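Below are some exercises, each with a solution worked out step by step.

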Amino acid sequence: MITMESFVPRLVAWELTSACNLECVHCRASATKERDENELSTEEAKHLIDDITRFAKPVLILSGGEPLLREDVYEIAEYGTDNGLKVVLATNGALLTPEVATKLKKVGVQRVSVSLDGASAKTHDDFRGMPGAFEGALSGINVLKDADLSFQINTTITKRNLDEVPKILDLALELGVDALHIFLLVPVGRGKEIEGDEILPEEYERVLGWLYDMQGKVSIQLKATCAPHYFRIMHQRSGRIEKTSGLAMMTRGCLAGTGFCFISKIGEVYPCGYLPVLAGSIREQPFEQIWRQSRVFNDLRDFSKLKGKCGICEFKRVCGGCRARAYAATGDHLAEEPCCIYQPRNWL
């Protein structure tokens, strides 16, 4: 029997800063060049890690913006490592140097994700809003390889690069990545301005089917993010749900509020970085209290509250629909997933 106590944070994404050296068209954070003076301090960051580790040992994702723009990123990463967390870092790659990679490895960062949104400079640079971003990302990846630091590629799928996805996989294999994670665009932040670039539901189904087909053909880990109906496809195609843990962390579709949460630069806690429904602030409440008692988190854990076809879908416990995409489309995070073409057996 699933109880509210059954839900523990397995992944925590933490926006260390919204400052960034790029201006990506799909940016969730609407990142700026300058750091926010109200960002969590180093001491507040350590206090947050203490709060988290009192009751859970999740994978801690240090993100941004560009987290390498915080001088104390190494101190924070080391503190998380010393307190038993698996610390990973998400970067655009442009600021990676041999010295940076050496420091990241020394403080215990277990994997670095580099964003790569095209198989060519033209596509990627157009996404990133800066000529040379593609070469910068590749340079950063080579730095990680030379440092023998585990790395993965994160790719956001839109109409701009949909046809390049197989080539992106080929490039990932050529580069020797440990994993390729594809993210399906959720139109929030600056991404709202390119809402028309969101691929059609039928294309979602096709690209997720392709990803499933590739799973057994390549040696690297493949994962779909912001695409919970991939778990429905897995079940339909294989008859089972293949669960993993650690850095793979594929336990069900939408993890927002059930196994995952997002912490903003100023300590605000949300179910995920794409779902702007506030659960609480760590400057006002302990993290564990927010995790266990937040109304939005507990609503997301009660699958009987899902609406529309998600509410009656036989796959709602393994999929759940993207709550952020539902919110972006309707203003209701419990509404049905707008980009799923599946018709539940009980749907009239």
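**Exercise 1. Find the residue that stands opposite Ala 179 in S7, then work out how S7 sits in the sheet.**

Step 1. Ala 179 has Gln 221 across from it in S7. Strands and helices here are DSSP runs numbered from the N terminus, with at least two residues (E) for a strand and at least four (H or I) for a helix.

Step 2. Zoom out a bit: strand S6 (residues 179–184) and S7 pair in the parallel sense, over five bridges. Two strands count as paired if DSSP finds at least two bridges between them.

Step 3. Now for cover. Five of the five residues of S7 are buried, where buried means under 20% relative accessible area, exposed means over 50% and partly exposed is in between (1.4 Å probe, protein chains only).

Step 4. Check the two sides. In a regular strand, side chains alternate between the two faces of the sheet. On one side of S7 you have Gln 221, Lys 223 and Thr 225, on the other Leu 222 and Ala 224, and all are buried.

A word on ground rules before going on. This is a predicted model, so local features need pLDDT of at least 70 and side-chain atom pairs count only at pLDDT 80 or more, while totals for chains, interfaces and linings use all residues. Residues are numbered from 1 along each chain as its sequence is written, and side-chain values use heavy atoms, with hydrogens and water left out.

**Exercise 2. How do the axes of H4 and H5 cross, and which residues make the contact?**

Step 1. Two packed helices are described by the angle between their axes and the distance between the axes. Axes are lines fitted to C-alpha atoms, for helices over the stretch in contact, and angles run from 0 to 180 degrees between N-to-C directions.

Step 2. For helix H4 (residues 121–128) and helix H5 (residues 133–146), the axes come within 7 Å and cross at roughly 100 degrees.

Step 3. H4 and H5 are therefore roughly perpendicular; angles of 65 to 115 degrees get that label, under 35 is roughly parallel, over 145 roughly antiparallel and the rest oblique.

Step 4. H4 brings Ala 121, His 124, Asp 125 and Arg 128 to the contact, and H5 brings Ala 133, Phe 134 and Ala 137.

Step 5. Look at Ala 119 too, in the loop between S4 and H4. Its relative accessible area is 26%, so Ala 119 is partly exposed. Beyond residues up to four places away in sequence, Ala 119 touches Phe 134, Glu 164, Lys 167, Ile 168 and Leu 171.

**Exercise 3. Count the aromatic pairs and classify the one between Phe 55 and Phe 287.**

Step 1. Rings of Phe, Tyr and Trp (its six-membered ring) pair if their centres lie within 6.5 Å; planes under 30 degrees apart are stacked, over 60 edge-to-face and the rest tilted. That gives four aromatic pairs.

Step 2. Phe 55 and Phe 287 are 6.0 Å apart, centre to centre, with 40 degrees between the planes, a tilted pair.

Step 3. Phe 55 is in the loop between H1 and S2 and Phe 287 in helix H9 (residues 287–293), 232 residues apart.

Step 4. Phe 55 counts as buried because its relative accessibility is 17%, and Phe 287 is buried at 0%.

Step 5. Phe 55, Phe 287, Trp 291 and Phe 297 form one aromatic cluster.

Terms used:
Contact = heavy atoms within 4.5 Å.
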